[in-house]
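Reader: Got a model I'd like to go through with you. Can we start with a sheet and then move on to the interface?

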Amino acid sequence: MSVSKPLPHDAAALHVTGRARYVDDIPTPRGTLHLAFGQSTVARGKITELNLSEVRASNDVVAVLTADDLPFDNDVSPSIHDEPLLSDGTVHYVGQPVFAVIARSHRAARVAARKAKIAYEEEIPILTIEAALQANSRFEDGPRIYEKGDAAAAIAAAAHRIEGEFEIGGQEHFYLEGQAALALPQDNGDMVVHASTQHPTEIQHKVAEALGVPMHAVRVETRRMGGGFGGKESQGNALAVACAVAARLTGQPCKMRYDRDDDMVITGKRHDFKILYEAGFDTEGRILGVNFVHYVRCGWAQDLSLPVADRAMLHADNAYLLPAARIESHRLRTNMQSATAFRGFGGPQGMIGIERVMDHASHVLGLDPVTIRQRNYYSEMAGGDTSAPAYIRDREKPETTPYGMAVTDFELHGITRALVDSSDYAARRAAVADWNARNETIKRGIGFSPVKFGISFTLTHLNQAGALVHVYQDGSIHLNHGGTEMGQGLFQKVAQVAAARFGVETERVKITATDTGKVPNTSATAASSGSDLNGMAVRAACDTIRARIADVVAQNAGVAAQNVTFADGRVRAGDVDIGFEDAAAMAYLARVSLSATGFYKTPKLDWDRIAGQGRPFFYFAYGAALTEVAVDLRTGENRILRVDALHDAGASLNPALDIGQVEGGYVQGAGWLTTEELVWDDQGKLRTHAPSTYKIPACSDRPDIFNVTLWDGKNPEKTIYRSKAVGEPPFMLGISAFLALGDALSSCGAGYHGLNAPATAEEVWHAVQRMSHGA
Amino acid sequence: MTKVHVTTTVNGDPVEFLADPRETLLDSLRNSLGLTGSKEGCGTGDCGACSVTMNGTLVCSCLVLGVEAEGAQIETIEGMGGDTQLHPLQRKFVEHAALQCGFCTPGILVAAKKLLEENANPTETEIRYWLAGNLCRCTGYDKIIRAVQDAAAEMRGEAA
């Protein structure tokens, strides 16, 4: 059967020959025009004069648009209509689009966009958490608070109490393909848009609003993206809407792509956090209560900040049973890019909070970092590993998260035990201690972190998907669904599902571009949900057609329809044994429809985000990683020497693609916490606006030893072939790299390292200085 | 600005195009010659997605002007192999799942091919540092290195 095979990415042959077309590669009709945004140069203020005469006079400029020229809605927000496409006269961050140039070439548009003369009445920008708190500049009326038990009392009564605070930086997506869109005007005011987006339906919706037409007049197509990572969930809206408006105005096709610097300056990034924590532990290292305060810099518009901050709260427990917990989350409005979705969607920030608590407690209590975590894990699911200490096994069930969801599929006891064995943890821990005793300059450290990540959109209605499948009379299959392909291999995994349902090879299945005209009302390909949702929707569509074919073949063979089998490219029933193509032809001649839609909605969800109670997730995905690093104490420079990761993808639909997600996720997660530093100056200008100044991991940074294995399990919930979502969860395995750096510093002084993220060489060096001087 | 007539050789074929003197070789390849396999990832020579060779030297085509191609020999991803005859590097990238979104893949393949021309038996460290100028945001690089090693072994006639 085609599922569970390690087949290559569906477009691999196109990728390696350079023939895979991304939006900017699509041949455009003659006369296609190009757009560029003119951007605000101040972080906060009012525009007092907008002089665009030189822009209009610039070479090859066709037209210039300001907010006054927009025929209908001036909004590209995915949430609360607070994000004008072009400035409404006020500006809220450096880089905000103020006007759009339409020109005959990409270059001409960009050159012209820099010729504007804009005068501002500047206001003092709100850039820091402290300034935002002081000005009460926030989204929602006040902080959200989720509570379980009386955390303050539990902490007060605990034998050991720890407290601290740390900062966790944001992250630039750095999808290799920048944002891009192409709008092609059609008859009667209709619009076709090709967009590099994770959310074609959102593009359709925003373009329709901007053109003052119903959604049926706009068709959005997305064949592939050159990376997404959440950065193309809402951030492509502006380009698509601008192109559509310009195409309507000029009657010409219009294209826009952000140059890398523009992309980094205009678009939102991962939310940066400051987390305050206090926690109480007993003498055995068991946590009794924890209190977190999350300060979240959301940037200037709401975008997706509320669900991102919610998800951070929902991962404040990570893998640990918290008898009492209080999580308070402040969503602060600041004058910078509107922070947005990024792989993990707040989960990583929430998770690193409790990992910091465990790390700090292991330091204070003198406990091995793996041991203290195992002592605090939730109980293993029924039938799983039985190595947990008796007090865990004897706990009252079900155990619940701080938001009241029962954890019934936990498997980190088994995963941790397997990883500790396969990575030779005990011996390496001793070897590191020995190394550190003998070396003054280069210190080594090992970090361990588990992941328990909730799978489902926390906005419950988004957990739905549709599919459209045709079988042609020659037995070839046309597959379409609402998910988008950004490199993760979704299209191949779903094609494997379709092929399995019909009992044919994947070569028979034609994968087609995501298209709002084929499958409507889709959710973003996000929240790791792509395979879960679309795989099930496609299964439903295939099963409908298969049942119809089975009826025809059964009738022909004189047997009952349930006795018809689809396998090995054959359809068999009684004495009949024919090729799938013959069965399709037979159904066609019998005048049977060979086209069907499929639909799926995730079951069992029940969530109240205000109360912070219920079941926001269908299930959890798990994993664990162990990272060893070396740090030069003189400079703070560091390297990852070895990584061992064991990750749970359920019964994997495609192990090659899933391992790719784990490896890439780990490296991206480690990059977030080590080298990737975003720096805004005191005027709110992003100074790290290109790869020259913003350091994502390079090939030379790859761990020397990188052992990645999939956990041999299956999802206890009825997901598609019992697989598990794998897009986001492994990102958080990178937390182990951050913990390893802290561990390497433990020999620098008696105190706790207090490392902030990203732990750049500079930050590591500062931590060394703090520790050496007893601070 | 007056365009300049450029005569050059791309993937062995003589070609001519008109180039604005300020336009990059990358833009000439993509916009004038329709060779869109080379990608713009950053436009500043930091990401390597636009890698091509010019007279045998590995360059970022976003840092070379189109007019500089006059009389030169340019090799791009399009010249590396097709459906029927993939270069061993291309085949190994597919086999090892050494790509995800694919946007960096052409540049990495062009760079890796150049490496193997200079050094048929590179160490893992040599591969890592040679490819350090080609950013990939998806894979974490592990499979890329394995694919290059495997292709190199095959090209040397060794079983991997």
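Author: In chain A, an open sheet of three strands runs in the order S4-S2-S6, with antiparallel pairing. Strands are DSSP runs of E, at least two residues, and helices are runs of H or I, at least four, both numbered from the N terminus. Two strands pair if DSSP finds at least two bridges between them.

Reader: Which strands stand at the edges?

Author: S4 (90-91) and S6 (117-122) of chain A. Each has a single partner strand, so one side of each is left without a neighbour in the sheet.

Reader: How many bridges between S2(A) and S6(A)?

Author: Six, in the antiparallel sense, with S2(A) covering residues 45-51. One partner pair is A:Lys46 and A:Glu121, the latter in S6(A).

Reader: Before I go on, what are the ground rules?

Author: This is a predicted model, where local features need pLDDT of at least 70, side-chain atom pairs count only at pLDDT 80 or more, and totals for chains, interfaces and linings use all residues. Residues are numbered from 1 along each chain as its sequence is written, chains are lettered from A and ligands numbered from 1 in the order in which they are written, and side-chain values use heavy atoms, with hydrogens and water left out.

Reader: Interface now. What area is buried between chain B and chain A?

Author: About 4000 Å², with carbon and sulfur atoms giving 54%. Buried area is the accessible area (1.4 Å probe) that two parts lose on being put together, summed over both. In chain B, the residues losing the most area to chain A are B:Gln100, B:Arg128 and B:Arg137, together 21% of what that side buries.

Reader: And how many residues does each chain put into the contact?

Author: Chain B gives 48 and chain A gives 54. Contact means heavy atoms within 4.5 Å.

Reader: How many salt bridges across it?

Author: The rule finds eight. It asks for a side-chain nitrogen of Lys or Arg within 4 Å of a carboxyl oxygen of Asp or Glu. B:Arg30 forms a salt bridge with A:Asp25, with the closest N and O atoms 2.6 Å apart.

Reader: Which residue of chain B does A:Val667 touch?

Author: B:Gly140. A:Val667 also touches A:Pro697 and A:Phe706, not counting residues up to four places away in sequence. A:Val667 lies in helix H18 (residues 655-673) of chain A.

Reader: Is A:Val667 buried or exposed?

Author: Buried, because its relative accessibility is 11%. Buried means under 20% relative accessible area, exposed over 50%, partly exposed in between (1.4 Å probe, protein chains only).

Reader: Switching to chain B. What do S1(B) and S2(B) form?

Author: A hairpin, with two residues between the strands. S1 (residues 4-10) and S2 (residues 13-19) of chain B pair in the antiparallel sense over seven bridges. B:Asn11 in the turn has a positive phi of about 50 degrees. B:Val10 stands opposite B:Asp13 in S2(B), and also opposite B:Ile74 in S5(B).
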